[in-house]
Amino acid sequence: MTSLPSKNIWIRRQQCPCGDWKCYVSYEGDAEETSIASQLVKNDMAPLESMVAPYVGMVFKSDDDAFEYYGNFARKNGFSIRKERSRLSPQLGIYKRDFVCYRSGFAPAKKKPIGEHHRDRKSVRCGCDAKMYLSKEIVEGVSQWFVVQFSNVHNHELLEDDQVRLLPAYRKIHEADQERILLLSKAGFPIHRIVKVLELEKGIQGGHLPFLERDVRNFVQNRKKVVQENDALLTEKRENDTLELLEACKATKETDEDFVYDFSVDENDKVENIAWSYGDSVHAYTMFGDVVYFDTTYRSITYGMLFGAWLGIDNHGRTIFFGCVLLQDETSRSFSWALQTFVRLMRGRCPQTILTDLDPGLIDAIRSELPNTKHVTSIWNIISKLPSWFSLLLGSRYAEFKSEFDVLYHVDTVDEFDLRWNQMLSVFGLGSDKHIALLFSFRASWALSYMRGYFLARMATTAYSKSVDSFLKGVFSAQTCLRSFFEQVGISANFQNHAHPAMQYMRIKTCIPIEDHARSILTPYAFNALQNELVMTMQYATSEMANGSYIVRHFKKMDGEHLVIWIPEDEQIHCSCKEFESSGILCRHALKILIVKNYFHLPDKYFLSRWRRESSPVIFEDNCTQNGEDEWFQEYHCLTETLFSESSITKERSDYVRIELTKELTRLLNEVRNLPEIDGVAMDLTLSPTC
C-alpha cells in the first residue's frame, strides 16, 4: 500500500477552488472510486445461488482467474482464502497451484525474546481443510487450469455478511481514498475524524467503510516511514520518464514534420512542463479554433503532474483534439506557460472564447495571456461541484436549491440575476457560505445573463460534456510510463479527429423554403439545430413596434418576450436572446420575422463557415442529387408503410410478411454486397433511410 505505484494512475483533481486546501470536491461520476464501500455492500447482498461452487474438472483460462473466482466464492460463503503452494517445471513453468482457506494449517511456534515484553497474539489458523487445487494442462496449444481437488468442509464457524467484509483480505484502501486520507492527515485531522469525514463524504453508515480505523492508522504511519524514500523514487521516475517523453516528441518530429511540441525547464535545467500537438489538430484549429475548451480535470498520482487538453467542436458536432500539456503544478505561472505555448503551437492565433473549469489560478492566467479572449466557466464543471458544496449543508432542501440554481442560470438579465441571487441566499441561509461567495465572484464567467452574446459554438451543453468525458476516459487507461501515455494520446487524438460522422437523413419537416435552402448548405448537425428553431417558429406571434422593431412572444408564455430588430437595407437581424451570437445558428424569434418578411433564403452571412458543408472533409452531393435521393426515400417510405399496414390486418398476413421479407432483404443485401464498392460517383453520406 505504501510502495511506489507501478502504474500511472490518473484521478480527478479533488482540491476545491475555494482556496481552502482542507476542502475537498467529490464527483458524482466517480462511482468506481468513491462508492467502493456501497458496491461491496451490494455484492454482499447478492444471492449465493448466483455463484456456482467450484468442482473437480472446472476449467479456468489462468490461475489468476481461478483465484479471483474462488475468492469471490469464499466471500459469499463467509471466509477468505490465500495462496499456499505452487510447483514449477522447466517445460510448463508453474503447473500446480494450491489455494486454501485462510485458517488452513497451523502457525509455527515462535520463541519469545528473553527480557522483552512480547504481545502473544493468537493465530487464526486452526487446521481447516477447505481448499481448491489446480493443475495446468496444454490443450490444443492453449494453457488451461483444471480443478483437481476441491473441499468446502470447514472446521470453524463461517462469518456472516457484515463480518466477512472485515477480514484482512477484503479490507483495501483504494488510491483515491489514500490521497484523501493523506490530505486530511497533513491538515492535522486525527484518525477517528478522518474516518468520520470519509463516511460523511461517501454517504455511508458509520462502520461500513471497506476498511477499519486501524487500517487508516497503519496506512498513515507506514506512509510517514517511507515518504522520503518514495518521494526520492517518484522524483527520479518523473525525471527519467519526462526525459523519455521528450525523446519521444523529438523522434515523432523527425518522422512527422507537422508534429509540434515545446517544453520548459526549471532552475536546475530539468524538464518542467511539456506540450504537444499534431498536424491534423493544428489544421482543424484553423477551421474550428474559434472556441476552445481547456480541460484540466485530471492529474497523475504517480508523477504529480496535471494533464491539460485543448478540445473543440467541428461542424458535425464532434469533439476534436487540438493539443495537450503536462504541468508540474497548478500555479498561475504554469497555466500562463501552457496558454502561451498553445497559442504558439497554433501559429499565433488566439481563440475567440475559451471554456475552463472554475480555477482562480487558471482564470488569472487567461486574463493575463489572452486579454482579448472571452472566458467562460463551463456550467457542467460547476454543477458537478454543487453536491460536495451544498448537499450536506442543506440536507433535504438541496433538491430545492438545485432547482432554484438552474432557474438563476437561465434568467435573461443581469439585474434579475442579482435580485434572485440575493433572494436565494436569504431563503437558504447561505449568506456567509464561502462557496456561494466564490460562485458570485465569478458569476460573469458562468451565468447566462452575464455571458449572453459570447460565442460558444454549442459547446456549453450536456451532450458536449459527455463527449469530452468519453474522450478523456479513452486517454486515461492505466499506463505504466509517460511514453506509453504519449502514444495513447496520439491514438485517441487520431481516432477522434478522423472519425467519420454518423450517416443521417436530413428530412424536411416544415416545407418552409428557408429549410430546404439551409439543408443544401449546412452539415446535418447544424441543419438539425436550425430546423428545430424553424419548427418552433410556428408557436410564436409577432407584434410590430412604432420604430419598426418587433416583439416576439410564445403563444402560451406571454411573459417571455424577445425584441427583434430588422434592418432591411443591410439585411441584418438582431434578437435580444443573442442565440446567433452564441451558437452561430439563427434563433426562432429572428426566423419568425424573416418568414413574416417573405424570405425564402437566409442571407449568406447567417451561414457561418464553421457550420457549412465545405468546411468538412466529407463529400456531399449537389442539391439535384439530394432531391433525387429524396424521391427514392419517399417511395421507399410509402411502400414500407403500405406493406406493414396491409400485413397487420391478420396474423396470417403478418407471419407471411415476416418470413418472406426477411428472405428478400437477405437476398438483396447479399447481391448489393457483391456489387463493386467504388464506381467513381461520390455518394451523400448524410442519406440513410434507416436513420
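1. Two strands count as paired if DSSP finds at least two bridges between them. Strands (E, at least two residues) and helices (H or I, at least four) are DSSP runs, numbered from the N terminus. Strand β4 (residues 93–101) and strand β5 (residues 131–139) run antiparallel, joined by 5 bridges. Lysine 96 faces serine 135 of β5.

2. Some ground rules. The model is predicted: local features need pLDDT of at least 70, side-chain atom pairs count only at pLDDT 80 or more, and totals for chains, interfaces and linings use all residues. Numbering starts from 1 along each chain as its sequence is written, and side-chain values use heavy atoms, without hydrogens and water.

3. The open sheet has 5 strands in the order β2-β6-β5-β4-β3, with antiparallel pairing. β2 (59–60) and β3 (81–89) are the edges; each has a single partner strand, so one side of each lacks a neighbour in the sheet. Helix α3 (residues 63–76) packs on this sheet and touches β2, β3, β4, β5 and β6 (142–151). Contact means heavy atoms within 4.5 Å. The direction of α3 makes about 160° with that of β3. Axes are lines fitted to C-alpha atoms, for helices over the stretch in contact; angles run from 0 to 180 degrees between N-to-C directions.

4. Now a helix pair. The axes of α9 (residues 332–345) and α10 (residues 360–369) come within 8 Å and cross at roughly 45°. They are therefore oblique (under 35 degrees is roughly parallel, over 145 roughly antiparallel, 65 to 115 roughly perpendicular, the rest oblique). Contact residues include Phe335 and Leu339 of α9 and Leu362 and Ile366 of α10.
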